[in-house]
Amino acid sequence: MIFKNMTDLVGRTPCVNFRPADACPARIWIKLEGFNPTGSVKDRAAIYNIRSAIEAGQLKPGKTIIDASSGNMASALAYFGMTMGFPVTVACSSKLTAEKAGLIEYFGADLIRIGDFTIEASNYCRDVIVVKEPERYCFLDQLHNWNNPRAHFETTGPEILADFPALDAVVGSLGSGGTMNGVARFIKQNRPGARVVTVEAESGTRIPGTGAFCDGDYVTPFIEQLRSAVLVDHRLSVSLESAKARTRELTRQGFYCGIQTGGVAHAAIKIAIENDLRGDVVVISGDAGWKNMDKLAEL
Ligand SMILES: Cc1ncc(COP(=O)(O)O)c(C=O)c1O
């Protein structure tokens, strides 16, 4: 396989069969978004948000990309900004882990730490940083930028149906909701019989890439649309303990992913058993294990 540059490696991620110990009637497939260049699903939205800003004339040479993130989008922007020649500033909440902060700095981005929720960092970008120097910054605003779900409507969703034309269900977690908004809209338009399952974190639980909306994580317009339109068949909350246990099981079968994958796989197996799903169930694994070593070390 030959590619012209690293950005061509975003997407077309592999799916691998996971065989859980439970008597699960479905075939469970883990779609490994950790195979994207910076090891997470956020590479897709990062590229779409940057390219759309360039096409709209908002991002020009000399301007600095800025956005808020809990970690994976920040590392993706730092990386792609660097390769495309744009300086990058990211604002991250207290959820940012030391290893992701290290990646952001390694790729040469400036890091601002602010608040406990990504929305606080996002508001700080919009109301403080950009207001001070509007000519300098291009705010990509991943929490409200519809190019974020468009990335998944145009790439992740079609990839899933191309691999599994008889798809039974797709299961993924909600951070910004961009992934599941785009995937759900594509699946409901093209295979309405397939179920869409979204996964959140239980109250008091911190699972990267899995919002605990009951505890104040921000409900973006993408998540609002998922809730109001007939796009989601099941909404599940997972505990940290079940996500960790499932991550341990995945690891033993060679899946080197973050704890988000364990949580989503756990929800997928639960739904498959409860609804006697006998076909293909796709789990969207948000990131690679190497991006989560500080959390995996606690397993
Ligand atoms: C590991 C991981 N999985 C899944 C997601 C969810 O992605 P989205 O923001 O598109 O909902 C994120 C987002 O932060 C993530 O970091």
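1. In this predicted model, the buried residues of helix 1 pack against strand 2, strand 3 (64-69), helix 2 (72-84), strand 6 (137-139) and helix 5 (147-163). The buried set within helix 1 comprises Lys 42, Asp 43, Arg 44, Ala 45, Ala 46, Ile 47, Tyr 48, Asn 49, Ile 50, Ser 52 and Ala 53. Because eleven of its 14 residues are buried, helix 1 is largely enclosed by the rest of the structure.

2. The length of helix 1 (residues 42-55) agrees with expectation, because at 1.5 Å a residue its 14 residues should span 20 Å, and its end C-alpha atoms are 20 Å apart. After the helix comes Gly 57, for which phi is positive, near 80°.

3. Lys 42, which is among the buried residues of helix 1, also belongs to the ligand site: of the 13 residues around the ligand, those that come nearest are Lys 42, Gly 175, Ser 176, Gly 177 and Thr 179. An N or O atom in the side chain of Lys 42 is 2.6 Å from an oxygen atom of the ligand, while a polar side-chain atom of Ser 176 lies 2.7 Å from a ligand oxygen atom and one of Asn 72 lies 2.8 Å from a ligand oxygen atom. The protein buries 94% of the 390 Å² that the ligand exposes when taken alone.

4. The largest nonpolar core has 31 residues, of which Phe 18, Ile 28, Ile 30, Val 171 and Val 281 touch the most other members. At least two residues of this core are supplied by each of strand 2 (27-32), strand 7 (169-173), strand 8 (195-201), strand 9 (234-238), helix 8 (240-252), helix 9 (259-274) and strand 10 (280-285). Helix 9 gives the largest share, eight residues.

5. Leaving aside neighbours within four places in sequence, Thr 198 is in contact with Gly 172, Leu 174, Met 180, Leu 226, Val 232, His 234, Arg 235 and Leu 236.

Key
Residues are numbered from 1 along each chain as its sequence is written. This is a predicted model: local features need pLDDT of at least 70, side-chain atom pairs count only at pLDDT 80 or more; totals for chains, interfaces and linings use all residues. Side-chain values use heavy atoms; hydrogens and water are left out. A nonpolar core is a set of buried Ala, Val, Leu, Ile, Met, Phe, Trp, Tyr and Cys residues joined through side-chain atoms within 4.5 Å. Buried means under 20% relative accessible area, exposed over 50%, partly exposed in between (1.4 Å probe, protein chains only). Helices (H or I, at least four residues) and strands (E, at least two) are DSSP runs, numbered from the N terminus. A residue is near a molecule or strand if one of its heavy atoms lies within 4 Å of it. A polar contact is a pair of N or O atoms within 3.5 Å; within protein, one must be able to donate a hydrogen and the other to accept it, and residues adjacent in sequence count only if both atoms are side-chain atoms. Accessible areas come from the Shrake-Rupley method with a 1.4 Å probe; for residues, only the protein chains shown count as cover. The expected span of a helix is 1.5 Å times one less than its number of residues. Contact means heavy atoms within 4.5 Å.
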